[in-house]
Amino acid sequence: MPELPEVETVRRTLEMQLQHPVIEKVTVFWPRIVDNCSPQQFCDIVKGQKIQDYQRIGKYLIFVLDHHVIVSHLRMEGKYYVQKAHEPYDKKHTHAIFTFTNGLQLRYHDTRKFGRFYLYERNEELTKQKAFQHCGYDVFDERCTPEYLYQQLHPRRITLKQALLDQSVMAGVGNIYADEICFALGYDPEISIQRVRKKDFPALLAQARRILGGAMKAGGTTIRSYTSSLGVDGRFQLQLKVHARKGQPCVNCGTEIIKKTVATRGTYYCPKCQRKR
DNA sequence: CCTATCACCTGCAGGC
DNA sequence: TGCCTGCAGGTGATAG
């Protein structure tokens, strides 16, 4: 469900709502959501620790505790709810509950059970751990430069959209914003990345940052109207120009937006504004 | 090493 | 109404 802007919105919201609580107890209802240790170990280890900081790399949310770090990936449908311990919750889709000493709970909700938790020691280099083995630089990381993207992506036999979605090079762009970035660049999502010239890579990165940055800003605006009972999933209504606009007129030229499949993902584009070469 | 496909899960919309 | 199919804002493992 969430891409980088949504995860960042969740990060900020949890930081505001929870601040720095002490974990009194953790219950895991669906064992497989804990990826790199047993649910029992996970619960035993985090118990008693305080959440010191909330961080994010790409689409990964990171809870920094006293001695350990919890890495959370929401995949397609993961979301968090902050509620009081006595409030009811959706027993069918809630897979983990963190209870704090202040009476609040952080509840992890995930309809499809795709999301994962990883637990690491705080002194370990995070980006070298399993959770990040296929994770490149965050879109906003200063090491993510046009030159780096060109060298990593341009030689490959993949489409522009696949390049944007490849988390191992630049982490954070998902299916929605990949379409929006292709539209902003004026390229058909299916164009070979090898046809994108070196001089276009600064624009590629700039548009990715502009679009994700705008989405974060919008998320931050919308999230203020959320109540805890609505959940914290970072969702918001951005003005999408092509994604999910099949059959509607292009905002630039009025041509009908087309949906096609690119690399098994639903893909929306304007056949007039987005050139194939 | 590279790219393509499957597997993981559930709910829902649309066709018959 | 009920059944079936396809599809969903993601990613790791596996197959070629």
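Modeller: One term before the strands: two strands count as paired if DSSP finds at least two bridges between them. Also, this is a predicted model.

Colleague: Fine. How many bridges pair strand β6 with strand β7, and in which sense?
Modeller: Strand β6 (residues 94–100) and strand β7 (residues 104–109) are joined by five bridges, in the antiparallel sense. Within that pair, Ala 96 sits opposite Tyr 108 of β7.

Colleague: What order do the strands of that open sheet come in?
Modeller: The order is β1-β6-β7-β5, four strands with antiparallel pairing. β1 (23–28) and β5 (79–84) are at the edges with a single partner strand each, so one side of each has no neighbour in the sheet. Neighbouring strands are turned by 20° against each other on average, direction ignored.

Colleague: Which strands does α1 lie across there?
Modeller: α1 lies across β5 and β7, and runs at about 10° to β5.

Colleague: And the sheet with β2, what is its order?
Modeller: That open sheet has four strands, β2-β3-β4-β8, paired antiparallel. Its edge strands are β2 (53–57) and β8 (116–121), each pairing on one side only. The twist from one strand to the next averages 25°. Helix α1 (residues 4–18) packs on this sheet as well, touching β2 and β3, with its direction at about 175° to that of β2.

Colleague: Which residue in β3 is the bridge partner of Tyr 54?
Modeller: Phe 63. β2 and β3 (residues 60–64) run antiparallel and share five bridges.

Colleague: Changing topic: how many residues surround DNA strand C?
Modeller: 16, and the closest are Glu 6, His 134, Gly 174, Asn 175 and Gly 266.

Colleague: How do they divide into nonpolar, polar and charged?
Modeller: Five nonpolar, six polar and five charged.

Methods. Residues numbered from 1 in each chain as written. Chains lettered and ligands numbered in written order. Predicted model: local features only at pLDDT ≥ 70, side-chain atom pairs only at ≥ 80, totals over all residues. Helix = DSSP H or I, 4+ residues; strand = E, 2+ residues; numbered from the N terminus. Axes fitted to C-alpha atoms, helices over the stretch in contact; angles between N-to-C directions. Contact = placed C-beta atoms within 7 Å. Near = placed C-beta within 6 Å. Nonpolar A, V, L, I, M, F, W, Y, C, P; charged D, E, K, R; others polar.
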